[in-house]
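Open the model in your viewer and keep the sequence beside it. This tour tells you what to select next and what you will find there.

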Amino acid sequence: MSVAKITKDEAKKLGQEFLCKNIEIEHCPSPPHGLYGFDANKEYLFTFRLFGHVSIGSSEYIAVSIATGAVRYVGHHGE
């Protein structure tokens with residue numbers, strides 16, 4: 001009896017689905033002091049974290065264009 005195996009592409013897709021279910025995203029109504037390259041008049045700012053782990057120190061940010069919906073990684077900010 002042989003066991004069915006998945007391909008690397010199928011495994012990657014499963015990994016992406018797993019991560020999507022475990023990312024928490026929170027809107028930041030005002031950017032933290034010293035966050036460069038972000039325009040609150042043109043983008044929405046969000047923090048994100050994996051698996052609900054609250055960390056002390058820096059946070060990671062993404063920005064979403066109000067005009068186009070394009071999403072970009074802003075980076076880390078904080079301690």
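Two strands pair if DSSP finds at least two bridges between them. Keep that rule in mind, and remember that this is a predicted model.

**Stop 1: the whole chain**

Show the chain as a cartoon. Follow the sequence and the pattern reads α-β-β-β-β. Now colour by pLDDT. The chain averages 87, and 90% of the residues score at least 70. Where is confidence highest, and where is it lowest? Helix H1, residues 8-21, is highest at 95, while S4 is lowest at a mean of 87. Where pLDDT is low, the predicted coordinates should not be read in detail.

Buried residues make up 18% of the 79 residues in the chain. Of the contacts with a separation of 6 or more, 30% are between residues 24 or more positions apart.

**Stop 2**

Select residues 59-65 for strand S3 and residues 71-77 for strand S4. The two strands run antiparallel, joined by six bridges. Pick Ala63, then look across to S4: its bridge partner there is Arg72. Five residues sit between S3 and S4 in this hairpin. Click on Gly69 in the turn, which has a positive phi of about 80°.

**Stop 3**

Select Ser65, in strand S3. Is Ser65 buried or exposed? Ser65 counts as buried because its relative accessibility is 18%, and the cut-off is under 20%. Setting aside neighbours within four places in sequence, Ser65 is in contact with Lys42, Glu43 and Ala70. A polar atom of the Ser65 side chain lies 3.3 Å from the backbone nitrogen of Ala67.

Move on to Ala67, in the loop between S3 and S4. Ala67 counts as exposed because its relative accessibility is 75%. Which residue lies 25 positions from Ala67 along the chain, with its C-alpha atom 7.2 Å away? Select Lys42 to see it.

**Stop 4**

Select residues 43-50, strand S2. Six bridges join S2 to S3, and these strands run antiparallel. Find Leu45, which stands opposite Ala63 in S3. Cys28 has Leu45 as its bridge partner in S2.

In a regular strand the side chains alternate between the two faces of the sheet. Turn on the side chains as you look along each strand.

Stay in S2 and pick Thr47. Thr47 is buried, with a relative accessible area of 12%. Beyond its neighbours within four places in sequence, Thr47 is in contact with Glu24, Ile25, Glu26, Cys28, Ser59, Glu60 and Tyr61.

**Stop 5: the nonpolar core**

Which residues make up the largest nonpolar core? Select Cys28, Leu35, Phe38, Leu45, Tyr61, Ala63 and Val74, seven residues in all. In soluble globular proteins, nonpolar side chains tend to be buried together.

Zoom in on Phe38, in the loop between S1 and S2. Phe38 counts as buried, at 15% relative accessibility. Leaving aside neighbours within four places in sequence, Phe38 touches Pro31, Glu43, Tyr44, Leu45, Ala63 and Arg72. The C-alpha atoms of Phe38 and Ile62 are separated by 9.6 Å, and these residues are 24 apart along the chain.

Now try Tyr61. Apart from neighbours within four places in sequence, its contacts include Cys28, Leu45, Thr47 and Val74.

**Stop 6**

Select Cys20 and Cys28. Which is buried and which is exposed? Cys20 counts as exposed, at 61% relative accessibility. Cys28 counts as buried, at 14%. A disulfide is a covalent bond between the sulfur atoms of two cysteines. How many disulfides are there here? With a cut-off of 2.5 Å between cysteine sulfur atoms, the count comes to zero.

**Last stop: the helix**

Finish at Lys21, in helix H1. Lys21 is exposed, with a relative accessible area of 72%. Select Leu50 too: it is 29 residues from Lys21 along the chain, and their C-alpha atoms are separated by 9.3 Å.

Technical notes: Residues numbered from 1 in each chain as written. Heavy atoms only, no water. Helix = DSSP H or I, 4+ residues; strand = E, 2+ residues; numbered from the N terminus. Buried < 20%, exposed > 50% of the residue type's maximum accessible area, 1.4 Å probe, protein only. Polar contact = N/O pair within 3.5 Å; in protein donor to acceptor, adjacent residues only side chain to side chain. Contact = heavy atoms within 4.5 Å. Core = buried A, V, L, I, M, F, W, Y, C linked by side-chain atoms within 4.5 Å. pLDDT = per-residue confidence, 0-100.
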